[in-house]
Amino acid sequence: MNTIPSLAAVSVLAAGLLAGPSHAAHAVILDQVCSDNVVLTWDPPLTNTPQTLAYTAEGHLSGCSNWAHPSGSYFESGTVPGASCTNLFTPGQATRTFVWANGGTSVMSYSWASTRLNGNIVYTATGSIVPGGLFGGDPAKEVITVLATDLTACSGSGVSQLSGTGILELGL
């Protein structure tokens with residue numbers, strides 16, 4: 001008995017494998033998804049009076065979906081004009097450099113906006129990863145929920161530090 005399949009049988013099998021089921025759902029596979037924990041520091045501290053503040057954001061990325069780069073970190077600094085406890089994140093633009101634990105960097109150029117949800121601040125950054133680094137050219141989105149500010153402290157000496165958690169998605 002001949003166990004070598006005929007050319008016709010191989011062609012039919014290959015066509016079925018290549019075409020796949022016609023009813024298959026189109027899943028979006030992201031290049032990287034990470035949990036994000038960030039600490040924001042303000043100088044001078046946030047108060048109820050709008051003022052230009054210097055800030056630093058120190059973030060730690062963990063539980064990332066890309067096994068080659070399972071974690072990372074970032075540090076960003078800048079100024080925010082007109083910031084106060086009630087107007088923490090005015091819309092703006094910035095860049096952020098992610099440093100991956102297994103080597104390499106990704107620079108995200110983005111615009112941000114924020115809204116309040118149950119007293120917390122939901123900060124959304126959308127943009128893309130600059131070509132030349134890891135994940136270069138990928139669309140990027142980061143959503144972070146910053147815990148509500150201490151309104152009593154806002155009326156007095158101010159709030160110098162806030163923390164938040166969220167998700168970073170690359171390759172939308």
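Cysteine 85 and cysteine 154 form a disulfide, with sulfur atoms 1.9 Å apart. The model that shows this bond is predicted. The pair links distant parts of the chain. Cysteine 85 sits in the loop between E3 and strand E4 (92-100). Cysteine 154 belongs to helix H2 (residues 151-155), 69 residues apart from its partner. The S-S torsion of cysteine 85 and cysteine 154 is about -90°, so this disulfide is left-handed.

## The two disulfides

A disulfide is a covalent bond between the sulfur atoms of two cysteines. The structure holds 2 of them. The other bond joins cysteine 34 and cysteine 64, whose sulfur atoms are 2.1 Å apart. Cysteine 34 lies in strand E1, and cysteine 64 lies in the loop between strand E2 (51-62) and strand E3 (72-83), so the pair ties together parts that are 30 residues apart in sequence. The torsion about the S-S bond of cysteine 34 and cysteine 64 is about 115°, so that disulfide is right-handed.

With the bonded cysteines numbered in sequence order, the pairing reads 1-2, 3-4.

How accessible is each bonded cysteine? The table gives the relative accessible area of cysteine 34, cysteine 64, cysteine 85 and cysteine 154.

| Residue | Relative accessible area | State |
|---|---|---|
| Cysteine 34 | 1% | buried |
| Cysteine 64 | 9% | buried |
| Cysteine 85 | 1% | buried |
| Cysteine 154 | 2% | buried |

The cut-off for buried is under 20% relative accessible area, so cysteine 64 at 9% counts as buried.

## The barrel

The protein chain has 2 helices and 8 strands. Along the sequence, the pattern is α-β-β-β-β-β-β-β-α-β. The 8 strands form a closed barrel that runs E1-E2-E3-E4-E5-E6-E7-E8, with antiparallel pairing. From one strand to the next, the twist averages 25°.

Strands of a sheet pair through backbone hydrogen bonds, either parallel or antiparallel. E2 and E3 run antiparallel and are joined by 10 bridges. Here histidine 60 has serine 73 in E3 as its bridge partner. E3 also runs antiparallel to E4, with 3 bridges between them. Serine 73 stands opposite valine 99 in E4. Valine 122 stands opposite threonine 145 in E7.

Among contacts between residues at least 6 apart in sequence, 54% join residues at least 24 apart.

## The nonpolar core

In soluble globular proteins, nonpolar side chains tend to be buried together. In this model, buried residues make up 33% of the 172 residues in the protein chain. The largest nonpolar core has 35 residues. Which members touch the most others? They are Trp42, Leu46, Leu61, Trp100 and Met108. Strand E1 (residues 32-46) gives the most to this core, with 5 residues.

Another, Trp100, is among the core members that touch the most others.

## A buried arginine

Arginine 96 lies in strand E4. Is arginine 96 buried or exposed? At 4% relative accessibility, arginine 96 counts as buried. What does its side chain meet? The side chain of arginine 96 makes a polar contact with the side chain of glutamate 142, at 2.5 Å. Leaving out residues up to four places away in sequence, arginine 96 touches Ala57, Tyr74, Glu76, Ser106, Val107, Met108, Tyr110, Tyr123 and Glu142.

## An exposed proline

Proline 81 is placed in strand E3. At 53% relative accessibility, proline 81 counts as exposed. The cut-off for exposed is over 50%. Beyond residues up to four places away in sequence, proline 81 touches Gln51, Thr52 and Thr90. The C-alpha atoms of proline 81 and proline 50 are separated by 7.9 Å, and these residues are 31 residues apart along the chain.

Notes:
Residues are numbered from 1 along each chain as its sequence is written. This is a predicted model: local features need pLDDT of at least 70, side-chain atom pairs count only at pLDDT 80 or more; totals for chains, interfaces and linings use all residues. Side-chain values use heavy atoms; hydrogens and water are left out. Two strands pair if DSSP finds at least two bridges between them. Helices (H or I, at least four residues) and strands (E, at least two) are DSSP runs, numbered from the N terminus. Axes are lines fitted to C-alpha atoms, for helices over the stretch in contact, and angles run from 0 to 180 degrees between N-to-C directions. A nonpolar core is a set of buried Ala, Val, Leu, Ile, Met, Phe, Trp, Tyr and Cys residues joined through side-chain atoms within 4.5 Å. Buried means under 20% relative accessible area, exposed over 50%, partly exposed in between (1.4 Å probe, protein chains only). A disulfide is a pair of cysteine sulfur atoms within 2.5 Å. A polar contact is a pair of N or O atoms within 3.5 Å; within protein, one must be able to donate a hydrogen and the other to accept it, and residues adjacent in sequence count only if both atoms are side-chain atoms. Contact means heavy atoms within 4.5 Å.
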